[in-house]
Amino acid sequence: MSALPHSAASRHFDVIVIGGGAAGMMCAARAGQRGRSVLIIDHATKLAEKIRISGGGRCNFTNLDVGIANYLSRNPQFCRSALSRYTPGHFIELVRRHGIAWHEREHGQLFCDDSAQDIIDMLRAECGDGHVSWAMPCKLEGIERSDGDAARFVLATSHGQFSCQSLVVATGGLAIPKIGASPLGYKIAEQFGLAVVAPKPALVPLTLPPEELAIYKELAGMAFDAIAECGAGHFRENLLFTHRGLSGPVILQVSSYWQARDYGGDDGSSQITINLFPAQDVRQWLAEHARSKALLGNLLAERLPRRFAHAWCDARNWNRPTNQFNGKELDAIATALAGWRISPDGTLGYAKAEVTLGGVDTRALSSKTMEAREVPGLFFIGEVMDVTGHLGGYNFQWAWASGHAAGLAA
Ligand code: FDA
């Protein structure tokens, strides 16, 4: 890392990026490589911890199939421009140039073969190519606007005072506070008159109310394939039972829609619908077994984990021999199996969330440059904005794309 220059005269930078995570480093590297003098300020002692722990330590750095349908935002079209100008192909090319080995997993997810550290080292090297300076760990104490054209912002920090023409806020979301997440970005937005869509934990395990938990908590650790739906969210992946409720990729995915149920366009439903027979027409299957003498729980155990099948039937008083149900009852059973309705009573919060839903309202930002329309020189990138990706490499792709867009403009 380039050492920070110490003379008072050199404490001016063309660009200061607050937050040296995924989006911040991408932006700083791009701006630096354009010949802009760039400083990254970060309060953490270790660089880019979120990248390091991502993807189980192998960083799911992008996805082969990225589009606006993979993102939630109050302003759903906003991310289209940046995503189309910096695609997964661009990032894959960067990864190749740095000699990082990677592999594809299901659903088009790309991971490092070795370690997420490879991505951190690559971004740090890209910043090095752009002669980016670092102040880290460094605490931001305040920001003031200045009248000068070159020095529009003056920053007071634990490393002294800095000024810059462009200020890029890349402080991320609130997930995992113990590794440095903070609300600083939202506070800066509010200081400059930008609205913030109320942040909520997303891609997060859900908790069940006590009466439901009493039925299912004994199943903690059990997982099986299911489809979960809430509002516009529809996913097929594994469902996992936990001591507090439900998790697994299908629940993490749909949790973002459950949390976004007050966003316009959704039905506002507090329920999640789970199809326990994702691969089969359950009505037909039940009809084929209508004469079976097996207890319904035992019959369902041919397709579902036995303990779950019995708990689910017992909770409904349905654990009788299958041939004792009449046609109407079998129809109700099929409907319930294809649309098991659960009403979570909360989430496990930011400590267990992967991302933050909401953030700086993008309606005040340029979708081309990420600059605040009413505050020339002020940019927001990455997760601090109200753009939240699905699980599967989409959040990093947004960090790269928005960082790239701002890096070309700041
Ligand atoms: P990021 O969080 O990366 O960086 C923000 C930076 O700002 C940090 O360096 C922080 O220290 C700094 N900062 C914060 N407050 C500050 C303050 N007050 N002063 C100074 N600096 C401050 N996504 C994905 O696509 N694929 C994946 O595999 C995963 N896996 C994953 C696992 C886990 C456990 C989590 C928690 C998250 C993921 N994600 C993910 C999400 C992904 O990590 C996240 O969306 C990006 O890191 C966001 O990039 P940003 O640069 O916006 O924020």
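This is a predicted model: local features need pLDDT of at least 70, side-chain atom pairs count only at pLDDT 80 or more; totals for chains, interfaces and linings use all residues.

Trainee: Start with H1 and H5. At what angle do they pack?
Mentor: Helix H1 (residues 22–33) packs on helix H5 (residues 117–129) at about 25 degrees, and their axes are 7 Å apart. Angles under 35 degrees count as roughly parallel, so H1 is roughly parallel to H5.

Trainee: Left-handed or right-handed crossing?
Mentor: H1 passes H5 in a left-handed crossing.

Trainee: Which residues meet there?
Mentor: From H1, Met25, Ala28, Ala29, Arg30 and Gln33. On the H5 side they meet Ile120, Leu123, Arg124, Glu126, Cys127 and Asp129. By class, the H1 contact with H5 has six nonpolar, one polar and four charged residues.

Trainee: And how does H1 pack with H13?
Mentor: H1 and helix H13 (residues 394–409) pack at about 30 degrees, with axes 7 Å apart. That angle makes H1 roughly parallel to H13. The crossing of H1 past H13 is right-handed.

Trainee: What makes that contact?
Mentor: H1 contributes Ala22, Ala23, Met26, Cys27, Arg30 and Ala31. H13 contributes Phe396, Ala399, Trp400, Gly403, His404, Ala406 and Gly407. Sorted by class, the contact of H1 with H13 has nine nonpolar, three polar and one charged residues.

Trainee: Switching to the ligand. How many residues surround it?
Mentor: The ligand is surrounded by 30 residues, and the closest are Ala23, Asp42, Ser182, Glu383 and Phe396.

Trainee: Which atoms of Ala23 and Phe396 are involved?
Mentor: For Ala23, a polar backbone atom is 2.8 Å from an oxygen atom of the ligand. For Phe396, a backbone N or O atom lies 2.8 Å from a ligand oxygen atom.

Trainee: And Ser182, side chain or backbone?
Mentor: Side chain: an N or O atom there is 2.7 Å from a nitrogen atom of the ligand.

Trainee: Now the backbone. Is the bond from Met136 to Pro137 cis or trans?
Mentor: The Met136 to Pro137 peptide bond is cis, with omega near -5 degrees. Pro137 sits in the loop between strand S7 (133–135) and strand S8 (140–145).

Trainee: What about the phi of Ile176?
Mentor: Ile176 is not a glycine, yet its phi is positive, about 55 degrees. Most residues other than glycine have a negative phi.

Trainee: Where is Ile176?
Mentor: In the loop between strand S10 (160–169) and helix H6 (184–191).

Note on methods. Residues are numbered from 1 along each chain as its sequence is written. Side-chain values use heavy atoms; hydrogens and water are left out. Axes are lines fitted to C-alpha atoms, for helices over the stretch in contact, and angles run from 0 to 180 degrees between N-to-C directions. Helices (H or I, at least four residues) and strands (E, at least two) are DSSP runs, numbered from the N terminus. Angles under 35 degrees count as roughly parallel, over 145 as roughly antiparallel, 65 to 115 as roughly perpendicular and the rest as oblique. A crossing is left-handed if the near helix is turned anticlockwise from the far one by less than a right angle, and right-handed if clockwise. Contact means heavy atoms within 4.5 Å. Ala, Val, Leu, Ile, Met, Phe, Trp, Tyr, Cys and Pro count as nonpolar, Asp, Glu, Lys and Arg as charged, and the others, Gly among them, as polar. A residue is near a molecule or strand if one of its heavy atoms lies within 4 Å of it. A polar contact is a pair of N or O atoms within 3.5 Å; within protein, one must be able to donate a hydrogen and the other to accept it, and residues adjacent in sequence count only if both atoms are side-chain atoms.
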